[in-house]
Amino acid sequence: MLVPIILLVMALLVLLWLSVTDQAIRILKERSGHPYDERGPRIARIATWGVVAAIVGIMLTPKKWFEPPPPMVATYVGDSLWAGMDTALIDHIGGGREDLVRYGRELIRNTAFYLGPQGVVAHQTNGMNCQNCHLDAGTRPWGNNYSAVWSTYPKFRERSGTNETVSKRINDCFERSLNGTALDTAGREMKALLAYMEWLGTGIEVKKKPEGSGLAELPFLDRAADPVKGEAIYTAKCESCHQKDGGGLMAASGTTYQYPPLWGEHSYNIGAGLFRLSRFAGYVKNNMPQGVTWENPQLTDEEAWDVAAYVNSQQRPSRDLSKDWPKIAGKPVDHPFGPFADSLPESQHKFGPFEPIAEARKKAIR
Ligand code: HEC
Ligand code: HEC
């Protein structure tokens, strides 16, 4: 601010000086009988007023027009948990990608509106939103967030036995969690989801997983998770929203859920991540009942495992999993369908105790 003020004062002094000298010259000329040419001084005055106007203009223009856009940094430093970037920064992405990133975020939050049973773009998902499981548009610490997506893919995944791209991984959730069909990878919707994931990953080094990314890993119980105990927890702490039949509750709009279904024909299918007890327990422990966070959870680890056992014992859509886990030794301990690399029963692979399976797995890999 100081420089424009100094310039302004100088310009005003010049104006004063111009008018004083102009008067003096005119009087001298007139007295000596010489003609006085007004043009020169007038041009000088106009030019100086121009400078004054420009300086005032600059002083009045919003400061942000002169400042470089703020840096794209996620709100996490050192040992704090990643919580995404300020969405106001989307305005500064540049390269015309702002709208694509915004649309990607919108698709995560309101998937059903665009792609659900009554979707305005297509009808290819079960009516749930990505955000039902990837909370706060995929930015909540330990809320199944997307912080590590852009930095860790493409990567090899045992489930498919292939090197998976981000779009393949996104389509996995379309086909399993949303019990739907894959998006066209060349379409605008996939491009938007990718642009959003890329933007979320800004500033995260390749291969790095920020603290708080994805889901928490709860310690294994030393017993099998118990659906009977889980039912009591469900009735006390979940049923009020997700309903007695687990079918959730539609929002007033009728296009999506206020409380998404946990089982039944409109829920995730048996190939989804949440169908594994550890994923469900890790999600629920830090995020349910709605309103809790990792900082003030309500369920104990035991309760999270038991309610997972109850919910994942109910009916839900099926899926052909015959192509999954081509290497059976690569199956995670809580994948509930055989054949298995060890001789432990299928029920143990579903409910635990998981420690003996983990031990057998370690030996097999060694
Ligand atoms: C029913 C719950 C659910 C819904 C709905 C859902 N997902 Fe997922 N998603 C998961 C789970 C569980 C995982 C695996 C997390 C883990 O293994 O730690 C996952 C993983 C992912 C990953 C990989 C994350 C990583 O860091 O490896 C991406 C990308 C993803 N989902 C995108 C989507 C998109 C896009 C949608 C909406 C079209 C969606 N998901 C809907 C439950 C869901
Ligand atoms: C106060 C209402 C409420 C209660 C109580 C509640 N939930 Fe939820 N739950 C929600 C809402 C809302 C979402 C979707 C979150 C979003 O979209 O931001 C959700 C999402 C979920 C999801 C992921 C989406 C899906 O449908 O699969 C699971 C799993 C879940 N809740 C399990 C539970 C369990 C288990 C309990 C009991 C321990 C519970 N919830 C209690 C409101 C509730």
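Colleague: How does the shell around ligand 2 divide by class?

Modeller: This is a predicted model. Begin with the make-up of the shell, then ask who supplies it. Around ligand 2 there are 16 nonpolar, 6 polar and 1 charged residues.

Colleague: Which residues come nearest to ligand 2?

Modeller: Cys238, Cys241, Pro260, Pro289 and Gln290, out of 23 residues around ligand 2. Next, look for the elements behind the shell. Helix 5 (130-133), helix 11 (239-242) and helix 12 (277-287) each give at least two residues.

Colleague: What joins tyrosine 153 and proline 154?

Modeller: A cis peptide bond, with omega about -5 degrees. Proline 154 lies in the loop between helix 7 and strand 1 (155-157).

Colleague: Now phi. What is the phi of asparagine 179?

Modeller: It is near 40 degrees, a positive value in a residue other than glycine. Asparagine 179 belongs to the loop between helix 8 and helix 9.

Colleague: Is asparagine 179 buried or exposed?

Modeller: Count the neighbours. The cut-off for buried is 20 or more other C-beta atoms within 10 Å. Asparagine 179 has 23, so it is buried.

Colleague: What about the phi of tryptophan 325?

Modeller: Tryptophan 325 has a positive phi of about 50 degrees, although it is not a glycine. Its place is the loop between helix 13 and helix 14 (346-351). Tryptophan 325 counts as buried because it has 20 C-beta neighbours inside 10 Å.

Colleague: On to helices. How many residues of helix 9 are buried?

Modeller: Take length first, then cover. Helix 9 (residues 188-200) has 13 residues and reaches 18 Å from its first C-alpha to its last, close to the 18 Å expected at 1.5 Å a residue. Helix 9 is mostly covered, with 10 of its 13 residues buried. Among them are Glu189, Met190, Tyr196 and Trp199.

Colleague: What do the buried residues of helix 9 pack against?

Modeller: Helix 3 (98-109), helix 6 (135-138), helix 7 (149-152) and helix 8 (166-175).

Colleague: Which residues is alanine 11 in contact with?

Modeller: First place the residue. Alanine 11 is in helix 1 (residues 2-32). Leaving aside its neighbours within four places in sequence, alanine 11 is in contact with Thr48, Val51, Val52 and Ile55. Alanine 11 counts as buried because 20 C-beta neighbours lie inside 10 Å. Its C-alpha atom is separated by 70 Å from that of glycine 273, 262 residues apart along the chain.

Colleague: Why is the protein chain called more spread out than a compact globule?

Modeller: The chain has 15 helices and 4 strands. Its radius of gyration is 32 Å, well over the 21 Å that the globule rule gives for 366 residues, so the chain is more spread out than a compact globule. Along its principal axes the C-alpha trace spans about 120 × 50 × 40 Å. Of the 366 residues, 35% count as buried.

Colleague: How far apart are the C-alpha centres of domain 1 and domain 3?

Modeller: They lie 87 Å apart. The domain assignment gives domain 1 (2-65), domain 2 (75-214) and domain 3 (328-365).

Notes: Residues are numbered from 1 along each chain as its sequence is written. Chains are lettered from A and ligands numbered from 1 in the order in which they are written. This is a predicted model: local features need pLDDT of at least 70, side-chain atom pairs count only at pLDDT 80 or more; totals for chains, interfaces and linings use all residues. The expected span of a helix is 1.5 Å times one less than its number of residues. A residue is buried if 20 or more other C-beta atoms lie within 10 Å of its own, exposed if 12 or fewer, and partly exposed in between; C-beta atoms are placed from the backbone. Two residues are in contact if their C-beta atoms, placed from the backbone, lie within 7 Å. The radius of gyration is taken over C-alpha atoms; the globule rule is 2.2 Å times the number of residues to the power 0.38. A residue is near a molecule or strand if its C-beta atom, placed from the backbone, lies within 6 Å of it. Ala, Val, Leu, Ile, Met, Phe, Trp, Tyr, Cys and Pro count as nonpolar, Asp, Glu, Lys and Arg as charged, and the others, Gly among them, as polar. Domain bounds come from an automatic or database domain assignment.
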